[in-house]
Amino acid sequence: MRYDLAIIGGGPAGYTAAERAAQGGLSTVLFEKNALGGVCLNEGCIPTKTLLYSAKLYDSIRNGAKYAVKAESPTIDMPKLMARKTKVVRKLTAGIRMKLTEAGVKLVNSEARIAQFFDNSLITIEANKEIFEAKNLLLATGSETVIPPIAGLDQNDYWTSREALDVKELPKSLIVIGGGVVGMEFAAFFNHLGVEVQVIDALNKILGPMDNELSSMLQAEYTKRGMKFHLGYQVTAVDGQTVYLRREGEEPKTLTAERLLVSVGRRAILKGFGLENLNLEMTRRGVKVDERMRTSHPHIYACGDITGCSMLAHTAVREAEVAVNQILGRDDKMNYRAIPSVVYTNPEIASVGFSEEDLVSAGILYHVKKIPMTYSGRFVAENEQMNGLCKFLFDDRKHLLGVHLLGNPASELIVTAALAIEQGLNFDTLKRIVFPHPTVSEILKEALY
């Protein structure tokens with residue numbers, strides 16, 4: 001029961017590290033107490049996008065007349081929608097299990113706990129009443145939903161993202177506390193299905209660190225669709241279907257809805273697996289790591305949400321690759337300069353690199369080029385009555401500092417921008433790239449002129 005690498009957590013960071021390590025010749029054991037895939041596959045990325053696609057399709061059918069397509073009274077079958085979501089998740093979970101098994105990873109479906117550990121000893125882990133020893137340990141325990149200390153909340157029936165992913169019957173109205181990425185994606189999902197949605201956020205904008213201009217444009221789009229926003233408000237209490245709000249300098253007000261969804265963020269899971277026995281250096285948000293994903297102990301690594309750095313599945317995957325390469329003696333290090341972020345509303349928002357707000361705050365000089373997405377013929381053909389925006393931020397040498405997109409399919413287009421930023425490409429190099437016509441991706445070249 002002795003391994004080269006032990007991994008606690010089977011989410012994107014954990015299962016990626018396990019597969020790469022086994023492929024590299026390391027004997028590897030992976031501990032996961034729930035289902036493989038972690039929050040991303042089971043309660044986050046994949047199930048939400050499955051639901052959002054159906055909502056987008058339903059909304060497109062309802063508005064098909066814009067495209068000369070008429071359909072009589074389309075309906076949404078919620079039980080079947082949830083069953084399909086479950087089928088998609090199970091299929092992908094099975095695929096991960098198969099890949100890990102084929103790679104030779106030892107899978108332990110159990111809670112794992114790190115025993116007392118001494119610097120010059122093998123790392124000892126207890127699971128399933130058995131003892132496992134490892135030369136190296138990778139922590140990838142993920143994150144959990146933050147439940148804010150709102151008076152009366154714990155005495156009321158409310159949803160988090162987990163419960164919202166299992167709805168069998170649509171409510172007539174919904175209040176979403178939290179206008180970040182997760183909150184807005186669920187708000188968009190229910191809005192497209194005809195639910196009256198109200199969004200509350202303590203900030204004066206939705207989508208927190210996302211580009212202010214694009215966030216405002218998305219808010220305006222959903223306002224046209226009937227969504228209501230209460231920004232800059234603190235939720236002071238919840239009583240049944242009533243939510244109490246307060247904003248400085250104004251009289252308190254109340255909102256009511258049939259259902260309440262709480263989505264104010266996530267935090268690293270740091271308890272329940274013996275982390276306290278490792279005496280690692282910590283930050284305010286999680287386990288401290290260096291650019292090679294090493295903790296303060298040379299044989300212990302941390303990847304994914306547990307570091308509290310970039311709580312995105314694709315970031316976790318890359319961090320896992322860097323950690324395993326370090327164990328294998330390969331030169332590699334983590335770079336957070338070009339991590340794409342996507343909000344899967346309809347329309348989508350995607351960004352990579354710095355925002356204008358970041359650059360202003362850091363005192364970095366920059367220039368802006370921006371054009372409507374309607375400069376793309378394909379976009380016009382497929383997005384009736386939608387403008388969208390493509391924004392480039394660049395320095396004096398015309399190297400990209402940030403790219404921000406509003407309009408479908410922004411989630412696919414942002415990869416090209418991320419590559420350009422990662423590789424330090426300037427405008428002249430990008431202009432020589434031939435984009436296929438007609439595609440929406442051509443907007444990235446149009447914006448350079």
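**Salt bridges, cores and overall shape**

The side chains of Asp 4 and Lys 135 form a salt bridge, with N and O 3.5 Å apart. A salt bridge here is a side-chain nitrogen of Lys or Arg within 4 Å of a carboxyl oxygen of Asp or Glu. Asp 4 sits in strand β1 (residues 2–8) and Lys 135 in strand β6 (residues 130–139), so the pair ties together parts 131 residues apart in sequence. Helices (H or I, at least four residues) and strands (E, at least two) are DSSP runs, numbered from the N terminus. Asp 4 is buried, at 18% relative accessible area. Lys 135 is partly exposed, at 48%. Buried means under 20% relative accessible area, exposed over 50%, and partly exposed in between (1.4 Å probe, protein chains only).

This is a predicted model: local features need pLDDT of at least 70, side-chain atom pairs count only at pLDDT 80 or more, and totals for chains, interfaces and linings use all residues. Residues are numbered from 1 along each chain as its sequence is written, and side-chain values use heavy atoms, with hydrogens and water left out.

Side chains of opposite charge can pair when their charged atoms come close. The whole structure holds 27 salt bridges. One of them joins Lys 391 to Asp 211, with the closest N and O atoms 3.1 Å apart. Lys 391 lies in strand β20 (residues 389–394) and Asp 211 in the loop between β9 and α7, so this pair ties together parts 180 residues apart in sequence. Both Lys 391 and Asp 211 are buried.

Helix α7 holds a local pair. Glu 221 and Lys 224 lie 3 residues apart in α7, about one turn of the helix. Their side chains meet in a salt bridge at 3.4 Å, N to O. Glu 221 is buried, at 12% relative accessibility, whereas Lys 224 is exposed, at 65%. Elsewhere, salt bridges that share partners join Glu 19, Arg 20, Lys 99, Arg 318, Glu 321 and Asp 332 into one network.

Now turn to the nonpolar interior. A nonpolar core is a set of buried Ala, Val, Leu, Ile, Met, Phe, Trp, Tyr and Cys residues joined through side-chain atoms within 4.5 Å. The largest core has 37 residues, and Phe 189 and Phe 190 touch the most other members. Elements giving two or more residues to this core include α3 (45–62), α4 (78–103) and α6 (181–192). α6 gives the most, with 6 residues. Beyond its neighbours within four places in sequence, Phe 189 is in contact (heavy atoms within 4.5 Å) with Leu 51, Leu 52, Ala 55, Met 78 and Leu 81. A second, separate core has 29 residues, among them Ala 418, Phe 435, Ile 443 and Ala 447.

Leu 57 belongs to helix α3. This residue is partly exposed, with a relative accessible area of 44%.

Finally, the whole chain. There are 13 helices and 21 strands in it. Its radius of gyration is 23 Å, close to the 22 Å that the globule rule gives for 449 residues, so the chain is as compact as a globular protein of that length. The radius is taken over C-alpha atoms, and the rule is 2.2 Å times the number of residues to the power 0.38. The C-alpha trace spans about 65 × 60 × 50 Å along its principal axes. Buried residues make up 50% of the 449. Among contacts between residues at least 6 apart in sequence, 64% join residues at least 24 apart.
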